[in-house]
Amino acid sequence: MTAYILRRLLYALPILIGVNLITFVLFFVVNSPDDMARMQLGSKRVTPEAIASWKAERGYDQPLLFNDQAQGLGRLTQTIFFDRSLRLFVFDFGASDAGRDISHDIGQRMWPSLAVAVPVLLVGLLINISLALFLVLFRGGTLDLTGVVLLVAMLSISSLFYIIGGQYLLGKLLRLAPISGYDLGLEAWKFLVLPVIIGVMGGIGSGARLYRTLFLEEAAKDYVRTARAKGLGERLVLFRHILGNALIPILTGVVVVLPLLFMGSLLTEAFFGIPGLGSYTLDAINNQDFAIVRAMVFLGSVLYILGLLLTDISYTLVDPRVRLS
């Protein structure tokens, strides 16, 4: 397994280089260092000298990808791309274009993001799997049909509706929780209740429907029919055999969203005023702060690759027949 893990980590290097290159090209196709300087300096009538000084202080006075004034390897290394990319691979994110320490900002803002995302994931997973098992237990009946219709209806509603409707109903009308804001320490819980409830509600339609489909596929397989033929009860077959064999696709679905736990949710954090990584990234995009955008994209890619690796390893724990090679 060690060789497999090392090989997967080595495979990740060209992927990370490619993601970093694409992010760099896309960002500078839309913006130029002069545009970024004007945005940060706060005025479109800023002098050329001020723009040149801002670019020189942050290393944006070099060519983007290729320096035809340099010699040898310097043509590639004396560029903005090389200067800004190499440090990412040792997780040195440097300073933002506004001069803030990006690593410090990430360390501060990751906790509000996790405080919302972890409960949404765990509670949502428990509710979705329980609801899907309940529908499969009564499959083909009125309860199943009614449940599927409700799930499709919930799936068809925009996440914006859940946020705005939840803020109005639970926050403004019933006054159960503050509509927006955030506080430090234990006082933060009262600001987290509403986004967690809305996050869970917004995911039930797609989550429960997906798990119901997975369980129904397992329920139609030969080993399930054999278990029933041996006289096992439907509940025992459902929880012992079907749920156990559906864990691999469930694990895959969970790991896909793991990077979002750290990166935060743009919409949720923006609507509820939560100072997490989602709002941090959104502010950086609005301010054209390339240093933060690049750092967050790189970090998200690393987390996604590690998540996929953990998924493969977890397969061996769920199903002993799986071998990593």
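Start with the lining of the largest cavity: select helix α16 (290-318), which gives the most to that lining, with 3 residues. A cavity here is a set of points, on a 1 Å grid over the protein atoms alone, where a 1.4 Å probe fits but cannot get out. Lining residues have an atom within 4 Å of a point. Helices are DSSP runs of H or I, at least four residues, numbered from the N terminus.

This is a predicted model, in which local features need pLDDT of at least 70, side-chain atom pairs count only at pLDDT 80 or more, and totals for chains, interfaces and linings use all residues. Residues are numbered from 1 along each chain as its sequence is written, and side-chain values use heavy atoms, with hydrogens and water left out.

**Stop 1: the cavity**

Select Arg8, Leu9, Ile305, Leu306 and Leu309. They line the largest cavity. Both α1 and α16 supply at least two residues of that lining. How much space lies in the largest cavity? About 30 Å³. A volume is the space filled by probe spheres set on the points, with grid points joined across faces, edges and corners. The structure holds 1 cavity of 30 Å³ or more. Its lining divides into 4 nonpolar residues, no polar and 1 charged. Nonpolar covers Ala, Val, Leu, Ile, Met, Phe, Trp, Tyr, Cys and Pro; charged covers Asp, Glu, Lys and Arg; the others, Gly among them, are polar.

**Stop 2: the aromatic cluster**

Now select Phe24, Phe27, Phe28, Trp54, Tyr60, Phe81 and Phe290. Ring pairs link them into a cluster. Rings of Phe, Tyr and Trp (its six-membered ring) pair if their centres lie within 6.5 Å; planes under 30 degrees apart are stacked, over 60 edge-to-face, the rest tilted. The whole structure has 13 aromatic pairs.

Zoom in on Phe24 and Phe28. Their ring centres are 4.8 Å apart and their planes at 50°, so this pair is tilted. Both sit in helix α1 (residues 2-30), 4 residues apart, or about one helical turn. Phe24 is buried, at 3% relative accessible area. Phe28 is buried too, at 10%. Buried means under 20% relative accessible area, exposed over 50%, partly exposed in between (1.4 Å probe, protein chains only).

Next, pair Phe24 with Phe81. The centres are 5.2 Å apart and the planes at 70°, so the pair is edge-to-face. Phe24 lies in α1 and Phe81 in α5 (residues 80-85), so the pair ties together parts 57 residues apart in sequence. Phe81 is also buried.

Then show Arg84. What does Arg84 lie over? The face of Tyr60, at 4.5 Å from the ring centre. Such a charge has NZ of Lys or CZ of Arg within 6 Å of the ring centre and within 35 degrees of the ring normal.

**Stop 3: helix α2**

Select residues 33-41, helix α2. Pro33, Met36 and Ala37 are buried. Seen down the axis, the buried residues of α2 fall within an arc of 100°, so they line one face of the helix. The arc uses directions from the helix axis to the C-beta atoms. Just after α2, Gly42 takes a positive phi of about 85°.

**Stop 4: the largest pocket**

A pocket is an open set of points with protein on both sides within 12 Å along at least five of seven lines. The largest pocket holds about 950 Å³ of space. Of its 38 lining residues, Val120, Gly199, Gly203, Val257 and Leu260 are the closest to its centre. Colour α9 (189-219). This helix gives the most to the lining, with 11 residues. The lining divides into 23 nonpolar, 14 polar and 1 charged.
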